[in-house]
2 protein chains.
Amino acid sequence: MEKDTSTELKIKEAATRVFIAKGFNGCTSREIAKEAGMNVALVNYYFKSKSHLFEIVIASVIEKFAESLFEVFKSELPLVSKVRVFIEKEYDFLGKHPEIASFLINELSKQEANFFQCVGFSDAMKDAKIEAQVKEAQEKGEMRKINLVNIILLLMSNTNFPFIARPMIQSIHSINDENYKTHLILHKQYVIDMLINYLFPNSKEF
Amino acid sequence: MEKDTSTELKIKEAATRVFIAKGFNGCTSREIAKEAGMNVALVNYYFKSKSHLFEIVIASVIEKFAESLFEVFKSELPLVSKVRVFIEKEYDFLGKHPEIASFLINELSKQEANFFQCVGFSDAMKDAKIEAQVKEAQEKGEMRKINLVNIILLLMSNTNFPFIARPMIQSIHSINDENYKTHLILHKQYVIDMLINYLFPNSKEF
DNA sequence: CTAATTTTTAAACGCTTGTTTAATTTTTTT
DNA sequence: AAAAAAATTAAACAAGCGTTTAAAAATTAG
């Protein structure tokens, strides 16, 4: 009884694709099976139910999503650089997987479980000692004195929203995919300038 | 044959509540009927199908959502004030109806129809002559020279995301509703300061 | 008041859903 | 090669879905 049968993995990958594209309620078990190229019963043979499979998928998506985030937070860079690199990495990541941000936000607002706690997000946050680094920079007067929650909110708002709201924004302005991508490239730099300028009023990084 | 029977309105209002809370795929016709306190068949008697009812609901939600936005854009205020008032109004509106932003973004990314065009959003944008006002301010050197699409993106990112991503952010930081609300109140002012400072580098409004 | 019309209901329609069963094929073990 | 175990399948299950029908109740018209 192998742990990661090729079949098991195929189902998980197919499920990830389908769940991200259509959401938990927007797809069926049979659709996932078909995407994996196999019988419906196999989905419940390897993962006992659609819900259980979904929990596994969303946990691994969160992990993937959080990975690049912590890579930056745990690094030895000064805070100003961390902010810049974080934004750059987020735009890179979401440029490649634009549906992930919407997927997580959509499903997390419907599902009741605290998946981020399951993945140990809070603990990883403390491990990264980012709170201490912020406090230090604020006491030195290098950084604007605002709460870490607000800092994360500013960072995530300006990195995630442009990808989440893409269909809405394109609809509002009647612009196509190509055109929107062009705006996104410029937007990344605007966001970097704006945030560094706001969070580090005396910085020369921009 | 009255147009807006009390029954018809009750169904539409119930449907709006249910659709916003659970999304199109997350709820059933029977659920909507129950919420309205009546038989399932009545839903299809007044609105011919679940999809048709949904289209009507989402169009009216968009209208409500866009209303306060254009109220500001069409006003005679100088641009700097428009930005500040827009942010304040958005925080007020989303504070009262926090689920609307997520609802629109979720459903617009799944549905294929361009609902914003149906509502005449683009035209209203031109009517408001905001593009001309921006161009003028930029030529006078009062405003940073960035595209209107990016300006709207900055505004919406920082107003909508904190409400859309609330479940995720609370999950990440392990904080409760009360606590998050406190952060939101502060956040509004941070966003106003940051955006005005960035968009109008020479302004004295902050 | 009666007849016509509109509104509301209960029940059923065929279809799809998530899940399970039992049989079959494939693989592993001995 | 035979027996045991695991993987895969087709078929079925009950439950729920969106929608329709046909009859009952309520309202309006003449």
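Which domains does the domain assignment give for chain A? The assignment gives domain 1, covering residues 1-48, and domain 2, covering residues 62-199. The model described here is predicted. Chains A and B are two copies related as by a two-fold rotation axis, and 17 residues surround DNA strand C.

**Domains of chain A**

- In chain A, the C-alpha centres of domain 1 and domain 2 lie 30 Å apart.
- The contact between these domains takes 4 residues from domain 1 of chain A and 4 residues from domain 2 of chain A.
- About 380 Å² of area is buried between domain 1 and domain 2 of chain A, and carbon and sulfur atoms give 70% of this area.
- Three residues, A:Phe19, A:Ile20 and A:Phe24, supply 86% of the area that domain 1 of chain A buries against domain 2 of chain A, which is more than any other three residues.

**Relation between the two chains**

- Chain A is superposed on chain B by a rotation of 180 degrees, with 0.0 Å of shift along the axis and an RMSD of 0.0 Å.
- The two copies are thus related as by a two-fold rotation axis.
- Of the interface residues of chain A, 100% are also interface residues in chain B, so the copies meet through the same surface.

**Surroundings of DNA strand C**

- Among the 17 residues that surround DNA strand C, the closest are A:Thr28, A:Ser29, A:Arg30, A:Lys50 and B:Tyr46.
- The residues of this surface divide into 8 nonpolar, 6 polar and 3 charged.
- Sugar or phosphate accounts for 52% of the atoms of DNA strand C within 4 Å of the protein, and the rest belong to bases.

**Polar contacts with DNA strand C and the elements involved**

- A polar backbone atom of A:Lys50 is 2.7 Å from a phosphate oxygen of DNA strand C.
- A base nitrogen of DNA strand C lies 3.3 Å from a polar side-chain atom of B:Arg30.
- The elements that give two or more residues to the surface near DNA strand C are α2 (29-36) and α3 (40-46) of chain A, together with α3 (40-46) of chain B.
- The largest share of that surface, 4 residues, comes from α3(B).

Technical notes. Residues numbered from 1 in each chain as written. Chains lettered and ligands numbered in written order. Predicted model: local features only at pLDDT ≥ 70, side-chain atom pairs only at ≥ 80, totals over all residues. Heavy atoms only, no water. Near = heavy atom within 4 Å. Polar contact = N/O pair within 3.5 Å; in protein donor to acceptor, adjacent residues only side chain to side chain. Nonpolar A, V, L, I, M, F, W, Y, C, P; charged D, E, K, R; others polar. Least-squares fit on C-alpha atoms with pLDDT ≥ 70 in both. Contact = heavy atoms within 4.5 Å. Domains from an automatic or database assignment. Buried area = accessible area lost by both parts, 1.4 Å probe.
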